[in-house]
Amino acid sequence: MKTIHNIKEMQQYCRDQRQSGKRIGFVPTMGALHEGHLRLVDEAKKHSDVVVVSIFVNPTQFGPNEDFEKYPRDLEADAAKLAPRGADVVFNPNASDMYPEDCLSTIHVRTITADLCGAHRPGHFDGVALVVTKLFNIVGECTAVFGRKDFQQLQVIKRFTADLNIPVQIIGMPTVREADGLAMSSRNSYLSPDERKRALAIARALTEAHELFTKRSPLATIEQYITEAVMQSFDTIDYVTVVHPETLQPLDGDASYPQTVLVAVAAKIGSTRLIDNTVLGEDAPPINK
Ligand code: AMP
């Protein structure tokens, strides 16, 4: 497995691969890799001949009081996890190369960034859209694999890729969970053993939401149930929301009971912010009873 830091070298490598007839699979990450990331690599391999994994803690997607400084960084440990899964290249650019001082451009996706994480992390999705656009322009035509754990992010990426005619095929993969149901996240490493136990409240509430949905409970009841359940274990709730899985807009209460709905949660234990979601009527419940 190769490690490339230089942007031009990465571009050239990908061009050469394509010229020799190889298809490229791409998995963008911020490192601190866990099994959830590695499953994206497995999927990328199925659609390609060469898999590139980027590891870049992107400063433009963090707010001023967020965890950019303390975000876990360990390139060697990440590389040791990627090699046995068959990744071919780790792309690890420097922040100063990715963002020269004269970068004046922004990528802003309207509407679907307004609520959920967009409402609580101003500028976050502009930062995500900018870095992913840059990474797509560096890697070039490829199949890129993302996790549904960051559901709104996946919708935003799908949207600007289509809107801007970027020649990248996007695949979204199910959330990978710990044995007890907690969604895997690099940020779980911030949790103390007690906080780790409390964090399970979201997966439990989302599991119960599946039961309520099967019984065709009103969506407002489902939202309220999750809010109350999460409130008991978390310190603050950013949002608990039940929305249309594609538009991310509230569903029409007068319409017939929906086939599928997205339930998304963001909440904090201390300063650790965790997100999770499930699509009722589509995903398996987070916890197998
Ligand atoms: P990040 O953790 O921000 O570096 O995310 C890199 C990619 O991994 C994104 O596409 C995430 O959605 C995805 N990802 C993170 N956690 C999980 C998980 N538990 N299951 C599946 N994909 C994940």
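Mentor: Buried means under 20% relative accessible area, exposed over 50%, and partly exposed in between (1.4 Å probe, protein chains only). This is a predicted model, in which local features need pLDDT of at least 70, side-chain atom pairs count only at pLDDT 80 or more, and totals for chains, interfaces and linings use all residues. Residues are numbered from 1 along each chain as its sequence is written, and side-chain values use heavy atoms, with hydrogens and water left out.

Trainee: Is Phe68 buried, partly exposed or exposed?

Mentor: The relative accessibility of Phe68 is 23%. Phe68 therefore counts as partly exposed.

Trainee: How many aromatic pairs does the structure hold?

Mentor: Rings of Phe, Tyr and Trp (its six-membered ring) pair if their centres lie within 6.5 Å; planes under 30 degrees apart count as stacked, over 60 as edge-to-face and the rest as tilted. By that rule, the number of aromatic pairs in the structure is 6.

Trainee: Which class describes the pair of Phe62 and Phe68?

Mentor: The ring centres of Phe62 and Phe68 are 5.3 Å apart. Their planes stand at 65 degrees, so the pair is edge-to-face.

Trainee: Is Phe62 buried or exposed?

Mentor: Phe62 has 11% relative accessibility. Phe62 therefore counts as buried.

Trainee: Which residue has its charged end over the ring of Phe68?

Mentor: A charge sits over a ring if NZ of Lys or CZ of Arg is within 6 Å of the ring centre and within 35 degrees of the ring normal. Over the ring of Phe68, 4.8 Å from its centre, sits the charged end of Arg73.
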